[in-house]
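The paragraphs below go through helix packing and then the spaces in the model. Please keep the sequence and the 3D view open while reading.

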Amino acid sequence: MIEQLEAYAAGINANQEVVEWLKTSGKKAVAKQSASIGDIEHILDFLNSDAAPSRLRKMSFEDAKRKTKEWSDANQKKGRDLSDSSEDLELIHDFKDGSKIVRLKTKKAYQREGFLMSHCAGGYDPSSGDCMIYSYRDAQNMPHATFEVRKESNEIVQIKGKGNGAIHPKYI
């Protein structure tokens with residue numbers, strides 16, 4: 001499991017402080033089974049954000065978890081103030097109940113997704129060219145699942161629910 005988390009950290013371009021935290025506090029939490037992979041990925045998103053403290057080595061898992069929740073709550077508020085336009089999204093599929101799958105096209109769309117879903121999509125660069133981000137949205141345009149697809153292989157590499165957790169069964 002720790003190898004999967006190290007690969008995730010590498011995938012979000014986590015700095016050495018974040019990687020060291022994962023190898024110490026994160027590894028202990030996984031060993032004690034006090035955290036799921038999604039929990040640790042969510043914490044890694046926070047630790048890799050601009051809001052994280054610069055010195056992480058002494059941060060306990062509990063402190064990281066608490067600060068991640070504070071960061072996530074603040075981001076939820078920011079996300080509610082953002083709205084998407086037709087320039088931000090491409091409709092991929094429209095379901096009969098008003099829900100839809102959209103491709104995110106702009107930085108603003110990525111940020112809204114990341115804020116509302118409490119994960120790292122907001123830190124992605126839509127112009128990087130190596131991946132595309134899709135979102136499953138309800139009839140009110142609120143995201144419930146985020147998909148990362150590699151352009152090169154057209155392969156889904158991640159599907160995440162809120163806070164890097166599982167997708168709520170209602171939306172599966």
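Helix H1 (residues 2-11) packs with helix H3 (residues 37-47) at an angle of about 30°, their axes lying 10 Å apart. That angle makes H1 roughly parallel to H3, a label for angles under 35 degrees. The contact is made by Gln4, Leu5, Tyr8 and Ala9 of H1 with Ile37, Ile40, Glu41, Leu44 and Asp45 of H3, where contact means heavy atoms within 4.5 Å. By class, this contact has 6 nonpolar, 1 polar and 2 charged residues; Ala, Val, Leu, Ile, Met, Phe, Trp, Tyr, Cys and Pro count as nonpolar, Asp, Glu, Lys and Arg as charged, and the others, Gly among them, as polar.

This is a predicted model: local features need pLDDT of at least 70, side-chain atom pairs count only at pLDDT 80 or more, and totals for chains, interfaces and linings use all residues. Residues are numbered from 1 along each chain as its sequence is written, and side-chain values use heavy atoms, with hydrogens and water left out. Helices (H or I, at least four residues) and strands (E, at least two) are DSSP runs numbered from the N terminus. Axes are lines fitted to C-alpha atoms, for helices over the stretch in contact, and angles between N-to-C directions run from 0 to 180 degrees.

In a second pair, the axes of H4 and H5 come within 7 Å and cross at roughly 135°. Asn75, Gln76, Lys78, Gly79 and Arg80 of H4 meet Arg112, Phe115, Leu116 and Met117 of H5.

Turning to the spaces, the largest pocket holds about 830 Å³. Of its 34 lining residues, Ile12, Cys120, Ala121, Gly123 and Tyr124 are the closest to its centre. On a 1 Å grid over the protein atoms alone, a pocket is an open set of points with protein on both sides within 12 Å along at least five of seven lines, a cavity is a set where a 1.4 Å probe fits but cannot get out, and lining residues have an atom within 4 Å of a point. Points are joined across faces, edges and corners, and a volume is the space filled by probe spheres set on them.

The structure holds 1 cavity of 30 Å³ or more. The largest cavity has about 90 Å³ of space, and strand E4 gives the most to its lining, with 3 residues.

Terms used. Parallel < 35°, antiparallel > 145°, perpendicular 65-115°, else oblique.
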